[in-house]
Amino acid sequence: MIINMAHGSGGAFTSQLIDEIFVKEFDNETVKELEDCAIVDGSKKIAMTTDSFVVNPIIFPGGDIGRLCICGTVNDLLMRGATPKYITCGFIIEEGADSDVLRKIVKSMAATAKEAGVKIVAGDTKVIEGNGGIMINTAGVGFVETDLNISSKNLEEGDVIILSGNLGDHHATILGSRMNITNNIKSDNAPLNEIVKNLLKENITIHTMRDVTRGGLSTVLTEISRSSNLDIRLEEDKIPVSNEVRDFCGLLGLDPLYMGNEGKCVIILPKDEKEKALSIIKNSKYGENACVIGEVMAKEEDKPLVYIETEIGGRRILDVLQGEGLPRIC
């Protein structure tokens, strides 16, 4: 298999790469769970995750690669109910990079870490030949203090699906910047600590949480559906997309359901807790546009499906992203 750009898209080719190389060789039960972060035993339950960030441009409307790497790492920990505590960062800096730009990125990382309540405790720097680019690898550690087992395997028939806000903002921002398209769209990159903290504080029974990053909502929900072996039904008119992003998609032929985000998550929980959970999320930072977008259903066919009921009464089957979801958004 020859690696190409599509293997980094977060879609089907990425899954193939992970399954055939990484999971096969790093063979253990924790890796096989394929969650956003791993939970392992220590003096208490510890959550761990790692990620790499190669976005271009590295500074964009609403954020930069520094803010992005902290948000992405923190959110992966939060999606298992962990409290983020520590982050390490490794910089790969291409020759010719501007030190003023690097300083701006590092300051942004520090400010975002403070907002997210984590400490950047270790790092590494390598300089390589290139054209002035900056790439960052992170590792994150958090403590699991909830008794809930929040996992993609835990859906139950009748659960409702809450999306924490509008889709497509980050993807549209990066693509617009790459194409020199002038608009008012800004990245949604944000740490989701307050949303998760408030849900756990109020003892909401969360079955599953996932942040909606590469591959978009369709890819994330398809992965969850397959893990739990249940169908997921979405309602098209409930999917929140801003007018500007919708117009942007119409102009370029994009589908918000497959666009990447960096400050949105899906929370799946029992129907009888829907109203309380939605109110908590809406009253939390970065959750004001949250809404219920669908529900978990019994499996209709041999293979679990994710489908969307369209506004004209049809049904559209969704799947994981195929090929590369241009541009690279993280």
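Which side chains meet in a salt bridge with D100, and at what N to O distance? In this predicted model, the partner of D100 is R103, at 3.1 Å from N to O. A search of the whole structure finds 16 salt bridges, whereas the number of aromatic pairs is zero.

**Salt bridges**

- D100 and R103 are three residues apart in helix 4 (residues 99–116), so about one helical turn separates them.
- D100 counts as exposed because its relative accessible area is 51%, while R103, at 46%, is partly exposed.
- E115 and K285 also form a salt bridge through their side chains, with an N to O distance of 3.1 Å.
- Because E115 belongs to helix 4 and K285 to the loop between helix 9 and strand 12, this pair ties together parts that are 170 residues apart in sequence.
- D255 is partly exposed at 24% relative accessibility, and R316 is partly exposed at 33%.
- A network of salt bridges links R233, E235, K238 and E295.

**Charge over a ring**

- R315 sits over the face of Y307, and the distance to the ring centre is 3.8 Å.

**Buried residues and their contacts**

- L199 is part of helix 6, and it counts as buried because its relative accessibility is 0%.
- Leaving aside residues up to four places away in sequence, L199 touches I204, I206, I267, A277, I280 and I281.
- From L199 to N243 the separation is 44 residues in sequence and 29 Å in space, C-alpha to C-alpha.
- S284 lies in the loop between helix 9 (274–282) and strand 12 (291–297), and its relative accessibility of 4% places it among buried residues.
- With residues up to four places away in sequence left out, S284 is in contact with E194, I195 and N198.

**Backbone geometry**

- Most residues other than glycine have a negative phi, and most peptide bonds are trans.
- The peptide bond from N56 to P57 is cis, and its omega is near 10°.
- P57 is located in the loop between strand 2 (46–53) and strand 3 (59–60).
- N180, which is not a glycine, has a positive phi near 55°.
- The loop between helix 5 and helix 6 contains N180, which is exposed at a relative accessible area of 69%.
- Y286 likewise has a positive phi, of about 75°, without being a glycine.
- Y286 is in the loop between helix 9 and strand 12, where it is partly exposed with a relative accessible area of 27%.

**Nonpolar surface patch**

- M179, L251 and L252 make up a nonpolar patch on the surface, and their accessible area together is about 280 Å².
- M179 lies in the loop between helix 5 (169–178) and helix 6 (193–201).
- M179 counts as partly exposed because its relative accessibility is 43%.

Methods. Residues numbered from 1 in each chain as written. Predicted model: local features only at pLDDT ≥ 70, side-chain atom pairs only at ≥ 80, totals over all residues. Heavy atoms only, no water. Patch = residues over 30% accessible without salt bridge, like charges linked within 9 Å, V, L, I, M, F, W, Y side chains within 5 Å. Areas by Shrake-Rupley, 256 points an atom, 1.4 Å probe, with all protein chains shown as cover. Salt bridge = Lys/Arg side-chain N within 4 Å of Asp/Glu carboxyl O. Helix = DSSP H or I, 4+ residues; strand = E, 2+ residues; numbered from the N terminus. Buried < 20%, exposed > 50% of the residue type's maximum accessible area, 1.4 Å probe, protein only. Phe/Tyr/Trp six-rings, centres within 6.5 Å; stacked < 30°, edge-to-face > 60°. Lys NZ or Arg CZ within 6 Å of the ring centre and 35° of its normal. Contact = heavy atoms within 4.5 Å.
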